[in-house]
Amino acid sequence: MLERELAKGPIAHGRPDQTWTLARIKTLIGRRFHESHTVQGVAALLRRHGWTCQVPARRAIERDEAAVAGWAMETWPRVGEPWRRSKPGSPSRTRPASR
């Protein structure tokens with residue numbers, strides 16, 4: 001019965017968009033079946049029945065692929081470099097480095 005309710009979609013259940021979240025499914029179960037589950041319990045229930053987490057692939061209409069490619073080539077290598085300490089420090093968070 002839950003699968004039939006989910007197949008109707010979130011808009012049929014008064015939601016403003018077409019995305020199901022665990023919290024929304026938890027609320028649906030509570031209202032429709034008068035049962036209380038945690039969000040983690042809802043996730044486990046859905047996994048047992050073969051449902052998976054999926055995020056729709058969305059792209060902005062105004063996305064500029066050339067600008068994205070340029071940023072990835074120029075800026076990302078500088079951002080992705082690991083941060084290194086200029087001098088050795090102490091492994092203790094409460095005691096400064098001994099000299």
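1. What share of the contacts in the protein chain with a separation of 6 or more comes from residues 24 or more positions apart? The figure is 26%, with contact meaning heavy atoms within 4.5 Å.

2. This is a predicted model, in which local features need pLDDT of at least 70 and side-chain atom pairs count only at pLDDT 80 or more, while totals for chains, interfaces and linings use all residues. Residues are numbered from 1 along each chain as its sequence is written, and side-chain values use heavy atoms, with hydrogens and water left out.

3. The protein chain has five helices and zero strands, in the order α-α-α-α-α. Both types are DSSP runs numbered from the N terminus: helices are H or I with at least four residues, strands are E with at least two.

4. Of 99 residues, 13% are buried (under 20% relative accessible area, 1.4 Å probe, protein chains only; exposed is over 50%, partly exposed in between).

5. The largest nonpolar core has eight residues: L2, L6, I25, L28, I29, V42, L45 and L46.

6. Neighbours within four places in sequence aside, I29 contacts L2, H34, E35, H37, V42 and L45. Of these, L2, V42 and L45 are also listed in the core.

Methods:
A nonpolar core is a set of buried Ala, Val, Leu, Ile, Met, Phe, Trp, Tyr and Cys residues joined through side-chain atoms within 4.5 Å.
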